[in-house]
Structures are given as C-alpha cells and as structure tokens.
Amino acid sequence: MVTERVEVAIVGGGLAGAALAAMLADAGRDVLVFERQPAWHWRACGVFASPAAVAELRRLGVEERTLTEASQPIPAMRVESQAGTAFRLTYGDDGSGRATAVGFDRSALDPAMLSIAVTRGARIRRGATVGSVELGDGATSGFGQRVRTTDGDMTEARLVVGADGIQSTVARAAGVARATRLPSRIGLTYHIGGDDRTSPDARMVVFPGGYCGIAPVPGGRVNVGIVLGGRHWRRALARQGASITARAIVGDLPRDAEAPEPWRLGPECEDVAGAWPLGHAVTRRAGNGWLLVGDAAGFLDPFTGEGIHRALVSARVAARAILAWLGGQHDGLPSYERAMRARFLAKDLVSHIVQLFLAWPALFEYAARRLASRPRARETMGLVMGDLVPASRALDPRFLVQLLSR
Ligand SMILES: Cc1cc2nc3c(=O)[nH]c(=O)nc-3n(C[C@H](O)[C@H](O)[C@H](O)COP(=O)(O)OP(=O)(O)OC[C@H]3O[C@@H](n4cnc5c(N)ncnc54)[C@H](O)[C@@H]3O)c2cc1C
C-alpha cells in the first residue's frame with residue numbers, strides 16, 4: 001500500500017541524517033526522515049570530537065547556547081601505550097579555550113539536531129524502522145525508490161539516503177556494503193558519573209587486543225569507549241558479558257598520577273551499549289537514486305577520530321550534490337563520490353597506518369616514544385587526527401622522518 005510520496009527519504013535520524021535533512025529542507029526540498037528509535041536513548045556511538053566538528057555544527061546553524069550545553073571542552077587527549085609511554089595530543093588548542101576538542105552529551109546534541117531539521121521544514125517519522133529499500137532506475141524526474149517500514153507502510157521517493165549507520169539497510173540494498181580489511185572488533189560504550197574534579201583531559205589507553213578511551217562530558221560524567229579485537233576478548237565477552245568485561249577493563253586502567261579520578265567510584269549511568277562488527281566499508285557512496293552519508297558511507301575505527309566530523313562533512317557535501325541532482329544536473333550524485341574521495345582519501349590512509357601500528361605493539365611503542373619526545377611531530381599528529389589540516393601532512397616524507405628517525 002503506497003502511503004505517500006516524498007522527494008528525499010532519509011533512513012536514519014542520527015547526526016548525519018539530521019544534518020542533511022536540515023540542509024535540504026532549508027533549501028525548500030520535501031524531506032522525510034525515518035528513525036527507528038521512538039525517543040532518544042543511549043546506543044553505541046562516540047562523544048569525542050575535534051574543533052573541526054564543532055565548526056561544522058556552527059556552520060550548520062547550531063546555536064552557541066546549544067553547543068555550550070551539549071559539549072565539554074577537552075584541552076587534550078593523553079594517549080598511553082601498553083608500556084606506559086604517554087603523549088598529549090592537543091588538536092590545535094591555541095590556549096584560548098575557544099578551539100578545543102570536546103566531549104558531547106549526545107542526549108542533548110542529537111535531539112537538538114533533529115529539532116533544527118524540523119524547524120527548517122523536514123518531517124521526522126520516529127519509531128519507524130525501515131525494513132527494506134527497493135532501488136529503481138534513479139531517473140531524476142521519477143519516484144522510483146521505495147522505502148518500506150517494518151509495519152508495512154511504503155513511501156516512494158526520488159532519492160533515498162542511507163544515514164543508517166554501520167549496519168546500513170540502504171548500503172545493503174545498493175549492494176555496496178563490505179567488511180573492512182581490519183580484523184573484526186567490537187565497540188562498547190557507556191557513561192560513568194563523576195564530579196567537577198574530573199580531569200578536563202581525555203585519555204586513550206592501549207592494552208593487548210584493544211584500547212579504552214575516557215572522555216569527559218557535561219555534568220562531571222565521563223564517557224567510556226572500549227574497542228576490543230581477537231579471540232581472548234571474544235571469549236571473555238561470551239563468558240561474562242559486556243558489562244563485567246567493560247568494568248574490569250576500566251578498573252585495570254593505570255591510575256592517573258596527575259589528576260583526581262572521581263569517576264572511579266561513580267555509578268554507571270546506563271547499560272553498556274555495544275556495536276559489532278565495528279567497521280563498515282562501501283565500494284561506492286552514491287548511485288542511481290541513492291546516496292550514503294555518515295557511518296553508512298564507511299567507518300573504520302574511532303581511534304583516529306573518524307565519526308562525528310566525517311558524518312557532518314558528508315552531510316554538507318551530500319546536500320550540495322543532491323540539490324544539484326534534484327535541479328536536473330545528472331552529474332550531481334557522482335560529484336558527491338568524487339568530493340568525498342578527495343576529502344578523505346589521505347585521512348583513510350593515515351587511519352589504516354595507525355591501525356597497523358596498533359596491531360604491532362612494538363611499532364606503536366616506537367612511534368609513541370617519538371611522539372612523546374618530539375613536540376612538532378606531536379602537534380602535526382594532533383592537527384591531522386583532528387581534521388584541522390590535510391591528512392597528507394602526516395604522509396609527507398619530512399613528517400615521517402621527523403616521527404620515525406632515530
Ligand atoms: C563504539 C563507538 C565509539 C565511537 N567513538 C567515536 C568518537 O569518539 N568520536 C567520533 O567522532 N565518532 C565516534 N564514533 C562514531 C560516531 O558515533 C558516528 O560517526 C556518529 O554518531 C554519526 O553517525 P551517523 O549519524 O552516521 O550514524 P548513527 O549515529 O549510527 O545513526 C544512525 C541512525 O539511524 C537509525 N537507524 C539505523 N537503521 C535504521 C533503520 N533500518 N530504520 C530507521 N532508522 C534506522 C539509528 O537508530 C540511528 O539513530 C564511535 C562509534 C562507535 C560505534
């Protein structure tokens with residue numbers, strides 16, 4: 001039963017879907033977002049973002065008051081190796097406190113983004129899970145794409161966008177979803193209560209088979225993000241479950257000698273949420289009558305700050321391409337693929353190299369020691385990780401010599 005027609009159907013009302021819906025609706029386009037969650041609740045996702053992501057939110061028109069309420073400034077991320085070597089990445093913080101990385105309160109940010117989309121004219125259907133997508137020929141004039149919800153409603157659209165994360169239904173319907181080349185990993189996230197003595201810095205502690213990030217967020221709480229790979233952790237998770245495993249990992253983190261850690265004794269704020277398998281790759285990000293944004297368009301690993309910034313940039317680049325395509329420019333959608341490739345190819349390469357280092361503890365230790373003792377190399381690494389300079393800076397032979405030479 002056809003229930004309605006819409007110009008653009010967006011599957012997924014996370015940050016990427018909400019940002020895209022806001023921009024398309026602002027340009028006068030008829031947009032409908034399907035979001036399976038009836039109301040916001042914590043799920044496996046990230047909170048740590050560089051100043052570049054905050055700049056994208058400002059560009060989108062998110063008000064300063066919302067940004068202040070939804071984020072906690074993080075002056076630096078302290079990365080700690082298995083052997084205890086530590087270095088601080090400042091993500092371009094100039095000391096003024098205005099351009100720091102942040103820890104987001106997603107319970108404030110995500111609903112704020114959806115309400116911006118609604119204010120600009122997008123419609124959001126909450127509690128609507130898209131069960132299947134049928135892709136037509138993608139003629140710009142027709143309504144050839146069909147989106148079916150699990151309760152049987154059908155919507156016809158000129159374009160369907162997958163903003164539905166790492167298990168993207170749209171990517172699967174387009175036949176472009178692939179596993180990443182990395183070994184299978186699982187991500188676990190939750191918050192622990194703390195107080196205003198919590199250190200403003202974030203920590204990223206690497207241990208055998210995984211790493212754990214601790215990022216302060218508003219309200220004195222910290223977000224815990226754990227990534228685990230390998231047979232040992234798979235067995236531990238099967239044997240004792242996510243909560244006990246996560247609690248044991250957090251309990252074993254080395255004590256911070258420089259700052260109090262009130263969250264060590266704090267209450268868990270929600271159940272541990274998991275994502276598996278963590279990575280997701282696609283062979284193409286757009287085709288006839290369909291397009292992917294955010295994690296649905298590919299997500300490697302949170303260690304290199306992949307997600308939030310990329311989700312917002314992809315939404316902005318996609319909005320431009322979609323408006324051109326709806327306006328009759330046949331090259332609109334392919335231009336999105338080209339623009340995304342140009343924007344993120346070097347960063348993807350850097351991220352893969354970092355993953356290689358993570359998989360080889362001796363290699364990671366070697367690089368960690370050099371980053372700890374070489375401020376300029378450390379500064380460049382922070383800027384690259386924070387998407388504040390072209391990632392090609394980290395592939396420049398001069399940087400590699402600075403980082404790796406004895
Ligand atoms: C463990 C973990 C840690 C992370 N840490 C970081 C970090 O520190 N920093 C960072 O920048 N990024 C991090 N990320 C990634 C980050 O969370 C995402 O990039 C970001 O949330 C933007 O995602 P998105 O909007 O593309 O997708 P999502 O946030 O996954 O949103 C997808 C939305 O689509 C909805 N949906 C899915 N399927 C359907 C369907 N069939 N029908 C209807 N709705 C559907 C979901 O309910 C959800 O609301 C992390 C991710 C994980 C899993």
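How many helices and strands does the secondary structure of the protein chain come to? I looked that up before anything else. I'm working from a predicted model here. My tally for the protein chain is 11 helices and 20 strands.

**Overall form.** I checked the radius of gyration next, and for the protein chain it is 21 Å. The globule rule gives 22 Å for 406 residues, which is close, so I noted the chain as being as compact as a globular protein of that length. Along the principal axes, I have the C-alpha trace spanning about 60 × 45 × 45 Å.

I found 47% of the 406 residues in the protein chain to be buried. Then I took the contacts between residues at least 6 apart in sequence: 73% of them join residues at least 24 apart.

**A look at H4.** I picked helix H4, residues 106-119. It has 14 residues, so at 1.5 Å a residue it should span 20 Å. The end C-alpha atoms of H4 are 19 Å apart, and that agrees.

Which residues of H4 are buried? I listed Arg106, Leu109, Asp110, Met113, Leu114, Ile116 and Ala117. Looking down the axis of H4, I saw these buried residues fall within an arc of 155°, so they line one face of the helix.

What covers the buried residues of H4? My list includes two helices, H1 (15-26) and H3 (64-70). It also includes strands S2 (31-35), S7 (101-104) and S8 (123-126).

Last entry: just after H4 I came to glycine 121, which takes a positive phi of about 115°.

Conventions. Residues are numbered from 1 along each chain as its sequence is written. This is a predicted model: local features need pLDDT of at least 70, side-chain atom pairs count only at pLDDT 80 or more; totals for chains, interfaces and linings use all residues. Helices (H or I, at least four residues) and strands (E, at least two) are DSSP runs, numbered from the N terminus. The radius of gyration is taken over C-alpha atoms; the globule rule is 2.2 Å times the number of residues to the power 0.38. A residue is buried if 20 or more other C-beta atoms lie within 10 Å of its own, exposed if 12 or fewer, and partly exposed in between; C-beta atoms are placed from the backbone. Two residues are in contact if their C-beta atoms, placed from the backbone, lie within 7 Å. The expected span of a helix is 1.5 Å times one less than its number of residues. The arc is that of the directions from the helix axis to the C-beta atoms.
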